[in-house]
Amino acid sequence: MRFTEHLPENCIVPTLWSRDRGGVLHELAGTLAASTGASLKKVEEQLSLRERLCSTAIGEGVAIPHCRVERLRQVMACVAVSPEGVDFGARDGRPVRLWVTLVSPEQDAGHHLRMLARIAALLRDARLSQAVLSAPSASAIRGLFVRAEDAYLASRPPRNDLALPAMGL
């Protein structure tokens, strides 16, 4: 399953307005709630709970907020950019300028973890982050992620993430 299949253009925010962690989480939750039909309050609450456990800022100006939401019907991702950056509690002390947020159905932990791993793998390439930060539109940002994921998948041997090992049943 591709990460970018869960990243519609209407879930890309080229310019966040918020200047603090709570405001950013509210904007991200609002974007995701509007796209999934989930409750804004529930998505924001779950993202905030996850953030209180430990900051999802991974350094280098990037954060990957994520949570699982009860009664959510589908996995959905959101990408957002803040030109000035926001203090998000990163270990390196740098303000976050790029958020890639993931929400998943509560019962789908395995898929949630695979999507987080894919997001982290894509963001290891600092060139992607820099390109996203300077992209002029949601369409351009989505295109950057699609091309990055295409290149990532082309460099890996084929794998069926949904296959289960034979158990002799």
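**A pocket, a pair of strands and a helix**

By class, the lining of the second largest pocket comprises 5 nonpolar, 3 polar and 3 charged residues, where Ala, Val, Leu, Ile, Met, Phe, Trp, Tyr, Cys and Pro count as nonpolar, Asp, Glu, Lys and Arg as charged, and the others, Gly among them, as polar. The model is a predicted one, in which local features need pLDDT of at least 70 and side-chain atom pairs count only at pLDDT 80 or more, while totals for chains, interfaces and linings use all residues. Residues are numbered from 1 along each chain as its sequence is written, and side-chain values use heavy atoms, with hydrogens and water left out.

The residues that line this pocket are I58, G59, E60, V62, R94, A120, L123, R124, A126, S129 and Q130. Two or more lining residues come from each of β2 (57-59), α3 and α4, and α4 gives the most, with 3 residues. The space in the pocket is about 180 Å³. A pocket here is an open set of points on a 1 Å grid over the protein atoms alone, where a 1.4 Å probe fits, with protein on both sides within 12 Å along at least five of seven lines, and a lining residue has an atom within 4 Å of a point. The grid points are joined across faces, edges and corners, and the volume is the space filled by probe spheres set on them. Helices (H or I, at least four residues) and strands (E, at least two) are DSSP runs, numbered from the N terminus.

Leaving aside neighbours within four places in sequence, G59 is in contact (heavy atoms within 4.5 Å) with A90 and D92. G59 and S155 are 96 residues apart in sequence and 25 Å apart in space, C-alpha to C-alpha.

Strand β5 can be followed next. Because 9 of its 11 residues are buried, β5 is largely enclosed by the rest of the structure. It runs parallel to β1, to which 2 bridges join it, and I12 has V79 of β5 as its bridge partner. With β6, β5 pairs in the antiparallel sense over 7 bridges, and M76 has V103 of β6 as its bridge partner; strands pair if DSSP finds at least two bridges between them.

Strand β6 also holds S104, which counts as buried because its relative accessibility is 0%. Beyond its neighbours within four places in sequence, S104 is in contact with C67, R68, V69, L72, V75 and H112.

In the loop between β1 and α1 (21-36) lies T15, which is partly exposed, with a relative accessible area of 39%. Not counting residues up to four places away in sequence, T15 touches V81 and P83. The C-alpha atoms of T15 and S137 are separated by 9.2 Å, although these residues are 122 residues apart along the chain.

Helix α5 (residues 138-154) has 17 residues and reaches 24 Å from its first C-alpha to its last, close to the 24 Å expected at 1.5 Å a residue, the expected span being 1.5 Å times one less than the number of residues. In α5, A138, I141, G143, L144, F145 and E149 are buried, and what covers the buried residues of α5 includes β1 (12-13), β5 (76-86), β6 (96-105), α3 (109-123) and α4 (126-134).

Definitions and conventions
Buried < 20%, exposed > 50% of the residue type's maximum accessible area, 1.4 Å probe, protein only.
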